[in-house]
Amino acid sequence: MSSPRIRIVVAKPGLDGHDRGAKVVARALRDAGFEVIYTGLHQTPEMIVNAAIQEDADAIGLSILSGAHMTLFPRVMELLRERGADDIVVFGGGIIPEEDIAALKASGISEIFTPGASLETIVGWVREHVRPRGVAA
Amino acid sequence: MAEGERRDRFTTLSGIPVNRLYTPDDLAGTDARTDLGGPGDYPYTRGIHGTMYRGRLWTMRQFAGFGSPEDTNRRFHYLLEHGQTGLSVAFDMPTLMGYDADHPRALGEVGREGVAVSSLADMAVLLRGLPLDRITTSMTINAPANILLAMYVVAAEEAGFPRPALGGTTQTDMLKEFIAQKEWIVPPRPSMRLIQDMLVFGTREVPRWNVISISGYHIREAGATAPQELAFTLADGIAYVQAGIDAGLDVDAFAPRLSFFFDCHVDFFEEIAKFRAARRLWARIMRDRFGAKDPRSWRLRFHTQTAGVSLTAQQPMNNVVRTALQALAAVLGGTQSLHTNSMDETYALPTEDAARLALRTQQIIAYETGVTETADPLGGSYFVESLTNTMEAAAAGYIARIDDLGGMVRAIELGYPQREIAEASYAYQQQLERREKVVVGVNEFVTPEERPIPILRIDPQVERRQIERLRDVRAKRDARAVAQTLAALRSATEGDENTMDRIVECVRAHATLGEICDVFRAVYGEYREPAII
């Protein structure tokens, strides 16, 4: 019997157009058997949270290279809490200095991947940490 | 596997096969006179100047911009004091997308990845005290390039520098934005019309300005191979030349002021071959396809930036070495100007120390290595000439495919270059995962514990101060003049009148970047990309 497929929204918050990482990760997750919804560029936190709820996502992967992560990532978490959807696992990556990672995790982001992280690492992490919502991990 | 060799197949970074040895047989079809020429001679394979760097070194142009206009103005003065010879402005994301600093979408982005410029007041601060008649300024701005050029011209005039004295570049390459960099406002076709207006204005009013810098850099950084970078860039160039001709300009009136901007990635000979092939292809395109008669129209002048994407967060000091090798390849490829990346850029914008080291890297190549003393030192190398031929043929194949699709604007609407790049970048990432390609410190030679390096932090107060200045501008200006000039721009945009003169009037009346862009959004609508993965 197959378990329900895990659904992941891969999103690009902020105004930067650097989508290479987001697209490569989205494809790797799809190739690994997850169901992936890529939002496209220039998404506001509101757009991302709406998409995740509408798509019944189990996880959100955020990619940002504009330096606005300290504003936009916590905002995504805040909106998820407001909508009662903070059981959605949120992970992120991009140009994120080491010293910002603790604060991002404190805001509720489960994991941050920095430049050089391999697809294998990211896919492996998702396999281990993301479960269909409502099913105990 | 051939006996005694490390692998069964050797390729360049882009996957071009590399033979064990190259001999005169590999150049059987190459005619040294017609395919190479001398430096300064058609088709310029060996360089666009007869004397090359014996006459004049390349321009050392470090891209800089962060925080407030005051911060960036200070960095510019610092770089000029340290021997930099041209300025290059990086704008923040809201500016690139045509939003004022107080727009809700600008939240958290102001001054982060470049300098924030929302109004003429910001531009005046950015340029304060700079000798605008003696330096050239490159502005990496695309969708609102028309507005930033207008701001530059007006701020310079108010500081006493007339239009003909101004030299510089606006990137204005929207096609590569739709392909790769993805900072846009209106859809491709209206974007091309606004660029036509700039070409006409630049040719008439600011004759030393390079209105368009046709850019492969972002295409490559987004994951394209070297032949794709070359082909898509030249295909974009073809579209701009056609647009200029369609706007009624004589090709030789504007083509000499088109310039190019390429990446220099880490595969040393492949990059050199790419630059040499670029010159030869463009010379032939301009002479044979467009009938240009002025040799200046045939010459491909280019700026190079070393490959940001090749830098690693792991063992960041290694990036100094990567950048030095890439810069050397750019010089051996005959670049006219160069930006060397700083070693800390996978973490943040560069610190002052890291930026100075990057500039020193260029100065060491220029003044110590001796590679500048003769033109095209690798010309005639069996390998380099053969790779140049291969690069040219591969790029010509892509250009023919784009012609078949109906030109680059149509190809973009069909998603063709976007898909090609997505495929190539995914294929490369898989090669890394399989360790078919080695990146030192990332998938080989890994160090477990790393010492952090200092990084630049942007003062969070920048956003607040920018918004205050913007409110001040709005409070002090003549609201009626703003409304009138914006209305005049709207009617020019809806009709056939050149929009540039109207934009200059808006800027002079202190209309903001966002307000001017709203006119274009209202008339043309905003571009939305179909998401392709």
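Where in chain A is the place of A68(A)? A68(A) sits in the loop between β3 (59-64) and α3 of chain A, where helices (H or I, at least four residues) and strands (E, at least two) are DSSP runs numbered from the N terminus. The model is a predicted one, in which local features need pLDDT of at least 70 and side-chain atom pairs count only at pLDDT 80 or more, whereas totals for chains, interfaces and linings use all residues. Residues are numbered from 1 along each chain as its sequence is written, and chains are lettered from A and ligands numbered from 1 in the order in which they are written.

A68(A) counts as buried because 25 C-beta neighbours lie inside 10 Å; a residue is buried if 20 or more other C-beta atoms, placed from the backbone, lie within 10 Å of its own, exposed if 12 or fewer, and partly exposed in between. Residues up to four places away in sequence aside, A68(A) touches G14(A), G108(B), E109(B) and R112(B), a contact being a pair of residues whose C-beta atoms, placed from the backbone, lie within 7 Å. The C-alpha atoms of A68(A) and L15(A) are separated by 9.0 Å, although these residues are 53 apart along the chain.

Helix α2 (residues 45-54) of chain A packs against helix α3 (residues 69-82) of chain A at an angle of about 45°, with the axes 9 Å apart; axes are lines fitted to C-alpha atoms, for helices over the stretch in contact, and angles run from 0 to 180 degrees between N-to-C directions. The two helices α2(A) and α3(A) are therefore oblique to each other, since angles under 35 degrees count as roughly parallel, over 145 as roughly antiparallel, 65 to 115 as roughly perpendicular and the rest as oblique. P45(A), E46(A), I48(A) and V49(A) of α2(A) make this contact with L72(A), R75(A), V76(A), L79(A) and L80(A) of α3(A).

Between the chains, the contact takes 29 residues from chain A and 32 residues from chain B. On the side of chain B that touches chain A, two or more residues are given by each of α3 (93-96) and α17 (416-433) of chain B, and the largest share, five residues, comes from α17(B).

Chain B as a whole has 21 helices and ten strands, and its C-alpha trace spans about 80 × 60 × 45 Å along the principal axes. Buried residues make up 53% of the 533 residues in chain B, and, of the contacts in this chain with a separation of 6 or more, 77% are between residues 24 or more positions apart.

Methods
Two residues are in contact if their C-beta atoms, placed from the backbone, lie within 7 Å.
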